[in-house]
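Dear colleague,

Please find the structure below, handed over for your files. My notes on what was found in it follow directly after.

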Amino acid sequence: MRVTQGTFSFLPDFTDEQITAQAQYCLDNKWAVNLEYTDDPHPRNTYWEMWGIPMFDIPDAAGVMMELAACRKIHAGSKYIRLTAFDATHGWESIRLSFITDRPINEPGFMIERQERGGRNMAYTTRAYIADKPEGERYTG
Amino acid sequence: MNDATPINAKERYSAGVMEYKKMGYWEPDYQPKPTDVIALFRVTPQEGVDPEEASAAIAGESSTATWTVVWTDRLTACDKYRAKCYRVDPVPNAENQYFAWIAYDIDLFEGGSIANLTASIIGNVFGFKAVKALRLEDMHIPVAYLKTFQGPATGIVVERERMDKFGRPLLGATTKPKLGLSGRNYGRVVYEGLKGGLDFMKDDENINSQPFMHARDRFLYVMEAVNKAQAATGEVKGHYLNVTAGTMEEMYARAEFAKELGSIIIMIDLVIGYTAIQSMAIWARKNDMILHLHRAGNSTYSRQKNHGMNFRVICKWMRMAGVDHLHAGTVVGKLEGDPLMIKGFYDTLREDHVPQSLETGIFFEQDWASLNKVMPVASGGIHAGQMHQLIHYLGEDCVLQFGGGTIGHPQGIQAGATANRVALECMIQARNEGRDYLNEGPEILQAAARWCGPLRAALETWKDISFNYESTDTADFVPTATAA
C-alpha cells in the first residue's frame, strides 16, 4: 500500500526540482520550513523526529535542499521524510503545508483490529504491521 | 455620542398614536457607539409610506415600541433602549427600496444568545404592515457582544491539525442516494469514497433515523467503513454523522453514540434552530468533536432579494453560535451563488478582520476578535474538471464536496474519489509553483489524466457540465463603489 498522508501523496513522487519549487513557495510566504522523519507511519503519529530546528531565516530553497540531502543520506529508504512549513501569523500559528518527500520502498500498511464490545458496538485500532519491530529497525531489511 | 433630538416629554407621552419618527426612532444625527449592534435592512415601504417613517417603525418594532404611546416608557431609561434609525438611503438601481441603518444598544440583548438577538432583529418586524417587504442585509456585531459567544467548537486550524491535512482544500462527498440505502449498503459507499482518496463522507440533511435505516445501524456501519479506510490509507478519515433529531435529548444521545464509536465529526441541520445549534456547539467543544452544519432551509428566506435575510447574516450568526463547517456556496455548481457574494460569505466565515466591501455585500467592518474560523463547505453540482476554478474562487481553506462527481463516476466510487484527489493535488502543486493555474487549468488536468485513468474518465464524463444561470442575489453596488 501507499501511505497517503501529506498534501501530494496521490501524485507521483516529486523530483528534486518539484520539491525545490514547493519549498520556495513556502519561503516566499515567510513560512519556516522544517524536515521531519519517522518509521512509525500511524496516522495519529503527530510528532515525527525533527531534522534540526525549523529553518527560520533561509531565503533560498537551495538551503532546504542541502538539508534534505543530508537528511536523506542517513534516513532515505528506512524512514519517511516530510517537509513541513510553519506560519507564525496570528490566527494561524500552525502548519500551512506538509508533504512526504521520501518513503520506504515497501510499505506493508496497517492492520485493523476489531474489539467486539456490547451489542454490535466495535472498538477499532489501527496498527502498522511494521510497528512490531523496535524503532530504528523497521524498513531495514 | 448621541445628541438625541430633544423630546418634549409631555407631548411625547400623551396618550394616542404617534409617528414612529417622532417617538425617537429616527435620529439622523445619531453617532453609533462602539458597543452598538447595527443592522442594515432593505425596506420596501407600502405605497404612500414615507421611507424614513417605515424605517423608524422597523427600529421601533424591533426594539421597544408598540403601536401606541405607553406611559410606562417613562419608568425606564427609554432613550437608551429605543433602537435608532440614523440613516436611510435609496437602494441603487431599485425602485422604492431603501437601505436603513439601525443601531441597537448592547443592553437590549442577552449575552451568548442568538435566539435573543434574533427575537428582536427578525422578530415581529418582518410581518409589519407598513412595509411591503423587508430584508436584513447585514449586521455589525460589536466585539463586546461577540465575546459573549463561544464561537466554533474546533476552528479551521485545529481541525487541520487533528486531521493532519494541510495546504489544500479537504475533500468530501455526500452519500447517494440520500434516502433508501440500508445501513450495510450505506457503509459501502462511505468506505469506497474514503479509500479512494476523500477525507470526509457525509450524511445528507434529511437522513436521520428512518424505517429503511435507523440511526444506530447507520452509525455502526459507517464507523466500520471509516476505520477500515483509515487502515487502508494511513490517513485520518471522517464521516459527518447527522445527529439531527426531534428533541435535544435524542440529539445528545446520538452524539454520545457517535463519540463512543470514535467518530471525529458530527453533523446538524440549520432547521434544528439557533438554540439547539448553540447547545450542540458546546457539546462538540466539550467532546473534541468537529461540528458540521448543513444549511437546510436557508433558501426559504435568503434567496429573494427583497424579503427575508441575506445569507451573510446567517454566516455571522453561525460563527457566533459555534459551528465548524457551513455550506456557503460553490460559485460554479448547481446552487445559487454570485462569485462576489460568495466571497463575502467566505470572508465572513474565515477572516479575523473583515473590512467593509460593498461589492462583496459587506456593509460593515467586522472584527472577529480571535473567534475561531469556520470552514466553508462547497457542495452541489461540482466536479473534478472545475478544480482550477474552485481553488481560484474558494481558496484552500474549505471542503469541496463532490457527491455525484464521486459516486457517479463510470468506473466506480473509488475511482471517482481518486479522480477528485488527483485533480486537487495537481492543481495545488501548479498553483504553488506559480503557474497561471486558472487559465492553464484544463491543460494541468489533462496532463495528470495522462497517467491517472480515473481522472481521464471523469474529465471525459463531465467535460461540458456547468450551471450558468443568473444569480438572484447579487451586489447592489458595482465594484468601483466606495463606502459613504
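I begin with B:Val331, which is buried, with 22 other C-beta atoms within 10 Å. A residue is called buried if 20 or more other C-beta atoms lie within 10 Å of its own, exposed if 12 or fewer, and partly exposed in between, with C-beta atoms placed from the backbone. Phi of B:Val331 is positive, near 65°, although the residue is other than glycine. B:Val331 sits in the loop between strand S11 (325-327) and helix H13 (339-350) of chain B. Helices (H or I, at least four residues) and strands (E, at least two) are DSSP runs, numbered from the N terminus.

This is a predicted model, in which local features need pLDDT of at least 70 and side-chain atom pairs count only at pLDDT 80 or more, while totals for chains, interfaces and linings use all residues. Residues are numbered from 1 along each chain as its sequence is written, and chains are lettered from A and ligands numbered from 1 in the order in which they are written.

Two further backbone features of chain B deserve a note. B:Asp164, which is not a glycine, has a positive phi of about 55°; B:Asp164 lies in the loop between H6 and S5 of chain B and counts as partly exposed, with 16 C-beta neighbours inside 10 Å. The peptide bond from B:Lys176 to B:Pro177 is cis, with omega near -5°, and B:Pro177 is found in the loop between strand S5 (170-174) and helix H7 (183-196) of chain B.

Strand S1 (residues 37-45) of chain B has nine of its nine residues buried, so it is largely enclosed by the rest of the structure. On one side the buried residues are B:Val37, B:Ala39, B:Phe41, B:Val43 and B:Pro45, and on the other B:Ile38, B:Leu40, B:Arg42 and B:Thr44. S1(B) runs antiparallel to strand S3 (residues 98-104) of chain B, joined by seven bridges, with B:Leu40 opposite B:Trp101. S1(B) also pairs with strand S4 (residues 131-140) of chain B in the antiparallel sense over eight bridges, and there B:Thr44 stands opposite B:Ala133. Pairing of two strands requires at least two bridges between them in DSSP.

In chain A, four strands form an open sheet in the order S2-S1-S3-S4, with antiparallel pairing. Its edge strands, S2 (49-50) and S4 (94-102), each pair on one side only. Strand S3 (residues 80-87) of chain A is joined to S4(A) by seven bridges, and A:Ile81 has A:Asp102 as its bridge partner.

Helix H1 (residues 16-28) of chain A packs against H2(A) at an angle of about 125°, with the axes 8 Å apart. Axes are lines fitted to C-alpha atoms, for helices over the stretch in contact, and angles run from 0 to 180 degrees between N-to-C directions. H1(A) and H2(A) are therefore oblique to each other (under 35 degrees is roughly parallel, over 145 roughly antiparallel, 65 to 115 roughly perpendicular and the rest oblique).

Finally, the contact between the chains takes 30 residues from chain B and 29 residues from chain A, where contact means C-beta atoms, placed from the backbone, within 7 Å. The largest share of the chain B side, eight residues, comes from H8(B).

With kind regards

Methods: Contact = placed C-beta atoms within 7 Å.
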